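Reader: Could you take me through one part of this model up close? I'd like to see how its pieces are put together.

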Amino acid sequence: MSTSLRQRRSPGHPNARRLRAIISGSIAVDSAALITTSVLTAVTGIAFWTVVARLIPPHELGVQTALLSLMTMAGTVAASGAGNAMTAMIPATPAPSRGRLLRQATVVVLVGAALAGVVSGALGAVTIDQRASSVAVLAAVAVGSIIMAFFAFKDTVLTALSVARHLPLLNMAGAIVKIGLVPLLLLCTVPDAAVAATLAAAILTCAVAVFVIRRAMDREVPGDDFIRDHDRRQLIGFTLRDGTASLISMGPLLGAPFLVTWLAGPVQGAMLALMLPISQGLDYVSIGAATALTKHLPTATDPAATITRIWWLTQAAVLLVGAVLLVAVAPVLFGFFGQDYDHATLWVTLALLCVGSAARVGFVTWAAVLRATLATRTLLITNLTMSALSLPILMVLTARWGAIGAAGGLAIGSALLGAVGCWGLWTRRRAQHTPAAGAPDVEVIR
């Protein structure tokens, strides 16, 4: 759980001003790098799916998006707990202990991704209609889940080590490789070209990330006052609670293309898969800002102001970007997809997904605060409760209306989570202690 540390500083003291400037600049740099990465990821994701929509028939594409959905869901969820632990723990961990902590987290990710991949592979083997054997589907999804887990894990580790500035170039290069591989693999008649291109690019990106991480590992932690070591028990406890919470909250979104393909057919699944990368540009903005908040909140000199600033700026950015996507970008993209997809269905699906992304901002920000304070039990309970309410609605709407129903169900679940997150942020702000005039107390969240 969280521990409070109060330090008395004179507002005009040179060291206090210097520390405040360093921290403010650092969170700005990390936020800018993560949001830039998010924007580039969204743009290249749209480009990738535009290419595959033109080259792969809708029915076949629906099957491939279902496989990718299972791999991404299992891998991202397996990496999220340990990844968020790295973001929350490494900035305050002494440099000599960082390697140990990262090795432990790597093992946790590997084991979790393997287990989640086997479960997802078994699910795909009995539900996805394709000519490959059930054993081949299970093995492919299991291996793909491990690859996607480390692809997601690298982002949080680079952020925790204060080298998030490398992420835009790194992920952009990987996305370009992925797009270029699709026609090449199709020319070579490689089966499931979209899946193979995605996994190959992820492996190359992770290999480069390992080199960057090794160089950044021994950097000193700024400010001895904030150093705190973490043991394996704390890491595993954080990972289990946060990973389970991520499975409950992120699972329906990441697994939606598979769910729609299963309940409503491959074409409906393909249409949802084509719209998800566009709307996820909004999610990437809020997640990027939240990740920077989790990293810097433990050493923030004014936690309440930092939280409020990130919350409102993120909400405004998501609403603005969402409006641009719906009005300017969507009609142009629909033309590139061709006439094999119903444009009215695409537009309604995208609109509902964007509404859900905007509604989730409050919850994503609140979750970042909980992770920074290691209060993942609260996050887990909240996700369990909201999932019990929203998941049946998602299943019913998907079976009835396909891609549009799934998008509507996701929007309802996001609205419930967003309401809880806004309430949590508002009550936390009301409970914030007001420092005495002339000698302000600075709360440092651990």
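Author: Let's start with a patch, built from residues with over 30% relative accessible area and no salt bridge, joining like charges within 9 Å and nonpolar side chains (Val, Leu, Ile, Met, Phe, Trp, Tyr) within 5 Å. Accessible area is Shrake-Rupley with a 1.4 Å probe, where only the protein chains shown count as cover for residues; a salt bridge puts a Lys or Arg side-chain nitrogen within 4 Å of an Asp or Glu carboxyl oxygen. This is a predicted model, so local features need pLDDT of at least 70 and side-chain atom pairs pLDDT 80 or more, while totals for chains, interfaces and linings use all residues. Numbering runs from 1 along each chain, and side-chain values use heavy atoms, leaving out hydrogens and water.

Val107, Leu110, Val111 and Leu115 make a nonpolar surface patch of about 360 Å². Val107 sits in helix 3 (residues 95-127); helices here are DSSP runs of H or I, at least four residues, numbered from the N terminus.

Helix 3 is also among the elements covering the buried residues of helix 7, as are helix 2 and helix 13. Buried means under 20% relative accessible area (1.4 Å probe, protein chains only), exposed over 50%, and partly exposed in between. Among those buried in helix 7 are Phe238, Asp242 and Ile248.

Definitions and conventions. Helices (H or I, at least four residues) and strands (E, at least two) are DSSP runs, numbered from the N terminus. Contact means heavy atoms within 4.5 Å.
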